[in-house]
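Reader: I'm new to this one. Could you take me through a single part of it up close, and show me how that part sits in the whole?

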Amino acid sequence: MRKDGGQVWAELRKADGRVIAASERAYPSASKARHHLEIHALGSRIQVYVDGYTEPAVDAVDNSYADGHAGFAVSGGAAYFQDVYLTAANDYYTEKYRPDYHYSPARGSASDPNGLVYYEGEYHLFHQDGGTWAHAVSTDLVQWKRLPIALPWNDLGHVWSGSAVADLHNASGLFADSGGKGLLAYYTSYNPDRPNGNQRIGLAYSKDRGRTWEYAAERPIVIENPGKQGDDPGGWDFRDPKVVRDEEHNRWVMVVSGGDHIRFFTSTNLIDWTLTDNFGYGAYVRGGVWECPDLFQLAVDGTVKKKWVLMISTGANPNTQGSSAEYFIGELTPEGKFVNDNPAGKVLATDYGKEYYASMSFAGMPDGRRVMLAWMTNWDYPFAFPTEGWKGVLSIPRELTLQKTNEGIRLAQAPIRELESLRGQLLFAASDRLVQADRENLLKGVSSGAYEIEAEIEIPQASNVSEFGFRLREGAGKRTVVGYKTKENEIYVDRSLSGDTGFSDRFSTLHQAPLQPDNRRVKLRIYVDDSSLEVFGGDGRVVFSEVIFPDPAHREMSLFTVGGEVNVVSLKVHALTNVWNKAAESQTSIVMDTSPQQMGLGDTRTLYAAVNGGVKGGCSGGSDVNQNQPIRWETSDPQVVAITSFDQRQAVIRAAGQGEAVITASTPNGKASASVPVKVFAGEFHTNLIGWAPDLAASSWVATERGIRGSYWSDAHYVAEETAGDFVYEAEMTLDEKGGAGSVLFRASRDGRSGYYFNIDPNMKAFRLFYKIDGAFADRQVLANVPAFIQQGKKYAIVIEADGPRIRISVDGAGIIDLTDGTFAEGHFGLHVFGGAAYYQNVNVSRVEQAKLRKTSFVNAGANTSLYAAKAENGEPVALLPAGDGEASSRTWVMVPTGDELGSYSIRTAAGGKALDLDTGQNKLQLYDYLGYDNQRWLLRDNGDGTVAILSLHNQQALEASADSGSLYLNEPDPALDRQKWQVVDVGAP
């Protein structure tokens with residue numbers, strides 16, 4: 001890069017300074033500007049891209065050097081370099097599960113899309129990455145070029161989600177010196193040191209087409225937190241601003257999430273905002289917190305009528321099986337109030353899949369289209385996907401329209417037309433083809449990893465077909481099914497056998513939606529990528545967005561029918577190109593999971609491989625001509641790893657001896673190959689516990705000479721069958737020299753996601769005791785933190801003694817922890833590894849006893865009603881039921897000592913272990929995970945007449961039945977009031 005004043009030029013030079021090629025144009029370079037360079041070198045061709053612009057600044061052919069080192073050079077001044085990465089061309093964007101055509105970050109994470117805007121020929125895509133705005137640009141919404149972080153943390157805190165608009169007429173007054181126009185970004189300012197982040201709406205702007213950004217100096221915050229009162233800055237939920245132009249009323253409108261409602265603001269200058277409405281609350285709330293609103297106006301198809309659409313995402317909640325997305329259709333009044341066309345409680349689903357969150361549409365589209373995309377995740381497992389080095393995928397962009405249906409006006413979604421540019425080989429085409437059950441698969445031999453299906457299927461009048469559809473990413477008994485049930489008029493996605501589904505026990509696998517056929521025909525468009533599936537049914541009236549994690553080699557597909565025949569009116573399968581690595585498309589390759597494998601002596605394992613590329617033809621029925629050619633399998637050392645059997649798709653290997661070997665799959669001519677390193681361990685795991693099982697199939701737990709070795713890039717657990725309440729638990733832990741943390745688990749769930757962790761982590765420089773609930777962890781769950789110098793490769797002898805709520809822990813013979821806690825009273829024993837590897841040996845328990853807990857029912861003496869909860873779920877109301885009515889399990893409670901000095905208890909359901917909880921915000925009794933707060937602790941005061949008063953440790957009020965025996969609440973203690981007296985009836989040993 002050569003700088004001259006406020007501009008830079010790109011040059012490709014030889015080591016002696018001679019210029020091979022230079023850019024024909026200069027690029028803006030403001031003071032302290034950070035420039036983003038991408039250099040693509042493939043053979044003798046070298047391309048240099050600057051600051052995300054589509055055309056290469058330099059595109060040259062030079063044979064001076066074929067290989068060598070990478071480095072930096074500077075002359076005539078100083079330069080700074082940061083975020084420098086070098087990747088082999090064949091490895092770039094080809095990792096396991098890396099999508100071919102969806103947006104994903106090269107490294108780091110992508111979550112909420114932010115600031116989607118079109119400006120001067122470019123689409124800007126921002127997204128969350130650790131509380132900053134990452135940035136990419138495109139000219140077609142398909143091919144993206146990355147830019148440096150646009151909005152980093154600032155003096156006010158983190159930069160959470162928001163939106164961007166083009167200020168084309170300098171309404172803000174910020175662009176007088178830049179041609180009277182520029183870009184504005186509205187973001188959520190989040191200060192982690194203040195209550196609930198003191199969420200406020202901040203402002204940033206760019207004068208150079210989004211290449212550099214400044215935080216507004218005069219008005220860094222344009223809207224304060226609505227909870228601000230005097231010196232209290234406010235801790236209300238107030239985030240995710242979306243700004244949209246309302247031309248009819250010559251104003252700008254901003255919508256902001258308030259947790260259980262959406263706040264509306266209006267402005268004429270994009271700086272000063274006036275609150276005009278609060279929409280939501282009450283019956284509108286289905287469960288999860290409202291987030292990431294979007295607002296836009298659309299014409300109703302076929303009419304001149306326009307409607308406003310308000311979209312929201314809702315956080316994880318049992319009522320919605322995780323997070324969800326919905327929309328409202330209505331009017332925006334001149335006063336800035338949103339009037340919903342439908343009653344509160346009427347749910348219009350944006351997407352029937354489980355991974356479509358924080359959707360946002362682009363502002364300022366030049367052709368008037370409304371195009372949106374979303375983060376493909378669910379808040380039940382937002383960052384748990386089994387990818388390494390990168391996290392997060394955004395959906396394909398979709399065009400939105402409003403359609404008139406029998407149910408009313410509804411939103412329809414369609415893949416944008418620009419995606420057709422991705423179509424490569426036509427893998428298959430057919431029309432007017434009758435397909436019968438139990439006949440040969442129409443798509444036999446068609447294979448691909450990333451593709452699009454266009455299908456219109458007719459149900460013949462006389463057919464008895466009950467179900468039909470597609471099996472996708474098939475292989476070795478695995479597949480994802482997109483099907484249609486004719487009697488139910490229902491479309492569904494079944495991903496129960498899609499591949500790796502074990503990363504979360506909340507990863508649901510069957511999703512369904514109503515879809516009426518049109519004249520007995522069902523239309524489908526399906527987009528398949530390496531880790532995702534998007535289904536558009538009935539011209540986009542029903543949409544599913546799903547993540548899947550198949551083996552890379554499982555690439556087959558099939559069309560199936562059940563019970564009768566269907567007529568394939570039309571069917572096309574298009575291979576879709578890799579937008580991130582053009583070289584990957586141009587050559588034949590072997591596709592397989594090349595992750596290093598670890599095996600114990602005598603273990604067997606199956607490896608899968610497929611041939612990709614070399615596609616020819618393009619006629620009807622065309623397919624990858626290499627798909628059925630033989631694959632050659634070889635082992636570098638059959639004495640270590642032997643190949644016991646193989647065919648053109650798979651090989652079975654056996655660990656024959658201790659050591660390391662490499663298994664290679666290749667084409668017969670050897671021009672394409674892929675290899676898997678395999679390490680075989682020969683050792684024993686000494687333990688008196690049985691039934692050990694991993695929670696994740698993708699993790700590795702192998703017996704070595706140092707004991708059982710657990711390794712995984714994230715959290716993985718290895719849990720024994722036995723349970724206990726009181727015990728002595730001994731283990732030896734050694735952290736791997738190359739990195740990793742480990743924990744000894746006790747009183748844990750069978751999958752290890754809930755329970756106590758005694759943790760040794762060199763990055764934390766401490767021994768820690770903490771607990772998790774369903775995998776969730778927060779700083780307040782750390783019960784003890786003992787600073788220590790943690791040595792990798794050192795053996796730590798751990799002894800844990802548990803006696804009721806008292807927990808004592810020693811390391812290498814020295815007592816380091818002695819405390820009481822009542823979060824868990826009993827459970828399994830287990831081991832844990834995080835971010836590397838750890839070894840465990842001599843893992844034994846002694847003096848084992850089951851927890852001494854009292855199982856009871858609580859009967860109100862004044863009302864003769866029992867304390868009752870219908871379901872053991874967070875948020876479930878706790879009510880009263882006539883004594884003896886209902887299922888016994890629904891009125892049975894377990895009293896768990898909390899371990900505090902007052903002798904309080906947490907009162908929990910016998911099934912599920914949910915705690916009696918006082919919702920202090922709404923002053924109601926409910927169930928919730930036990931978190932140790934006073935609103936979940938209860939004192940039982942003896943009344944001296946065979947009853948007790950149940951007192952909340954939060955406010956010292958007593959649990960009371962209402963006079964009509966219909967409800968339950970807290971009131972000031974009254975020893976003479978029978979409705980505050982409870983008989984504690986033992987149900988039996990827990």
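Author: Let's begin with the whole. With 990 residues, a compact globule would have a radius of gyration near 30 Å, and the protein's 31 Å agrees with that; the radius is taken over C-alpha atoms, and the globule rule is 2.2 Å times the number of residues to the power 0.38. This is a predicted model, where local features need pLDDT of at least 70 and side-chain atom pairs count only at pLDDT 80 or more, while totals for chains, interfaces and linings use all residues. Residues are numbered from 1 along each chain as its sequence is written, and side-chain values use heavy atoms, with hydrogens and water left out.

The protein has one helix and 75 strands; these are DSSP runs numbered from the N terminus, with helices (H or I) of at least four residues and strands (E) of at least two. As for burial, 54% of the 990 residues count as buried, meaning under 20% relative accessible area with a 1.4 Å probe, protein chains only.

Now for the close look. Five strands form an open sheet in the order S38-S37-S36-S35-S42, with antiparallel pairing; two strands pair if DSSP finds at least two bridges between them. At the edges sit S38 (510-514) and S42 (556-562), each pairing on one side only. On average, neighbouring strands here are turned by 15 degrees against each other, direction ignored, using axes fitted as lines to C-alpha atoms.

Arg 479, for instance, has Leu 497 in S37 as its bridge partner.

Methods: Axes fitted to C-alpha atoms, helices over the stretch in contact; angles between N-to-C directions. Buried < 20%, exposed > 50% of the residue type's maximum accessible area, 1.4 Å probe, protein only.
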